Each structure stands twice: as C-alpha cells, then as structure tokens.
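Dear colleague,

Please find below the structure that I am handing over to you.

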Amino acid sequence: QAQKNWLVQLRRWREVLGTADARTAHDDISAVRDPHAIGALAVLLKEERHRNVKMLYIDVLAEIGGPQAIETLLNTSLQDGDEEIFHASLDKIVRINPPHVAAKYAEALKDENNIRINRAAYALGRLQDKSVLSPLIDALITTHYTVIPKGADNYTTGFASPVLSGPQAGSPSSPLGGTSFSAGGETKVIPHTVNNQQVLDALIRLGGANFGFDQRAWRYWLANENRKAAPQLNWRKE
C-alpha cells in the first residue's frame, strides 16, 4: 500500500513541476528517502520524456540507495535511449560501487542488442573489476540478426550500430525497441558480425594490453595472466 501511495503522490508532484509551484514540487521529490518509493520512481523514470526530470529521479534513487535502487539505476543505464541518462545513471553506480554490480553488467554482454553490449562494456571499464575479463573477451565480436519477412518493405532489426548513442527507446526506429515480427510467410535472416569497440576499450583499460579484436590472442594472454597469478606450490621436502 505504501508503494501505491508513493506512485500517486509522485505523480501529483510531477504534474506540479510544469506549474508556477514547480520549485516546491522539485524540493518535495528531492527530499524522498523512503525505500517504498523506489518502485514508483522506476515506473515514472520509464514514462518520463524530459531529461531534467529523469535526472531528478536518478538523484533520488541514488540517495535512497539499496539493492532495488541500484538495480533500477543499472536497468536505466542499459535501457534508456538518452545517452546523457546512461552516463548519469552510471556515474551514480560508480560512485556507490555496490557489490556484485560488475557481474550484472557482465550478464548484459550477452544481450541481443549491440548498444546494450557496448554500454555494459563501457560500464565495466569504469568499474575497474578485472574479474570480468573473460566475458569481455567473449563479447569482443558478436553476431546480430536482421529478420526480413517475405515481401516486406519495412522491417524491424535486432542489429544496432556499436555506439553509445541512438534514437529514443520506444520509437519505431529505436535499436532498443525489440526484434519481433507478426508478418506471415517466409522470412530472411541476415547475420551481422560486429567488432565491439567499447568492449575492446574496456579490455585495454582493465588488462593493460592491446590485441585488437583477436579473441584467440586475448584468451592466450588471459590464460598466462591467470597462471602467473596462481599460487606456486613447493612440493620439496625440507
């Protein structure tokens, strides 16, 4: 019930942000520290279209803290179509540096969407956690697919340019908008193999080496690094 109440209250304050009493509403939202408000903030963050209001919600989530708030910030950093919101959310996560967050970004390296892969890699480079070197190597080169229904002039693609920017999420041309088709008939599936620059940059930053997009060389290097880091046992009897 508290979560529902917060959604109602925050929606009221959001409506006031466009009026002469905007400063009061802004201050009221900024002062929220109740963890029960996190769910409502997550909902409003997805609905919001104004960057400044999104930034306000992100600030409040970071101040509330805790696993649920961190998860909301992490999902926002991967999903929101606004690059500035990506950086703002990631800045909060890097500052807080919660446990296990690198593992969650490493999971996103398996995403079907190329932009999310590169965003996750960029985040891992900033988090400076060397435990993710192996999944980064796996994501160095990825394959994505364009599906074209038979006879269709327009189609949605799951492939996206390996950059951090892009159209607003949810727009028809958004690379974050999904990969489904409802058209019948035969379809064509066209694979696209992509070199992920942000993955390479993260590997260089974390590993201090540069083997370009040669995954075999990177794996050989990592195996050597792991051998050097392993404790040496002396079996000789004294």
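A residue is called buried when its relative accessible area is under 20%, exposed when this is over 50%, and partly exposed in between, using a 1.4 Å probe and the protein chains only. The model is a predicted one, in which local features need pLDDT of at least 70 and side-chain atom pairs count only at pLDDT 80 or more, whereas totals for chains, interfaces and linings use all residues. Residues are numbered from 1 along each chain as its sequence is written, and side-chain values use heavy atoms, with hydrogens and water left out.

I begin with the overall architecture. The protein chain contains 11 helices and two strands; helices (H or I, at least four residues) and strands (E, at least two) are DSSP runs, numbered from the N terminus. Their order from the N terminus is α-α-α-α-α-α-α-α-α-β-β-α-α. The protein chain has 238 residues, of which 39% count as buried.

Next comes the interior. In general, nonpolar side chains in soluble globular proteins tend to be buried together. A nonpolar core is a set of buried Ala, Val, Leu, Ile, Met, Phe, Trp, Tyr and Cys residues joined through side-chain atoms within 4.5 Å. The largest one here has 58 residues, and L10, Y105 and L136 have the most contacts inside it. Helix α4 (residues 51-64) supplies the largest share of this core, eight residues. Contact means heavy atoms within 4.5 Å. If neighbours within four places in sequence are left aside, L10 touches I29, V32, A37, A40, L41 and L44.

Finally, I turn to the charged pairs. A salt bridge is a side-chain nitrogen of Lys or Arg within 4 Å of a carboxyl oxygen of Asp or Glu, and the structure holds 11 of them. One joins the side chains of D82 and R51, at 2.8 Å from N to O. D82 lies in the loop between α5 (67-79) and α6 (83-96) and R51 in helix α4, so the pair links distant parts of the chain, 31 residues apart. D82 counts as buried because its relative accessibility is 9%, while R51, at 41%, counts as partly exposed.

Another salt bridge is formed by the side chains of K92 and D59 (3.0 Å, N to O). Because K92 belongs to helix α6 and D59 to helix α4, this pair ties together parts 33 residues apart in sequence. D59 is partly exposed, at 36% relative accessibility.

Yours sincerely
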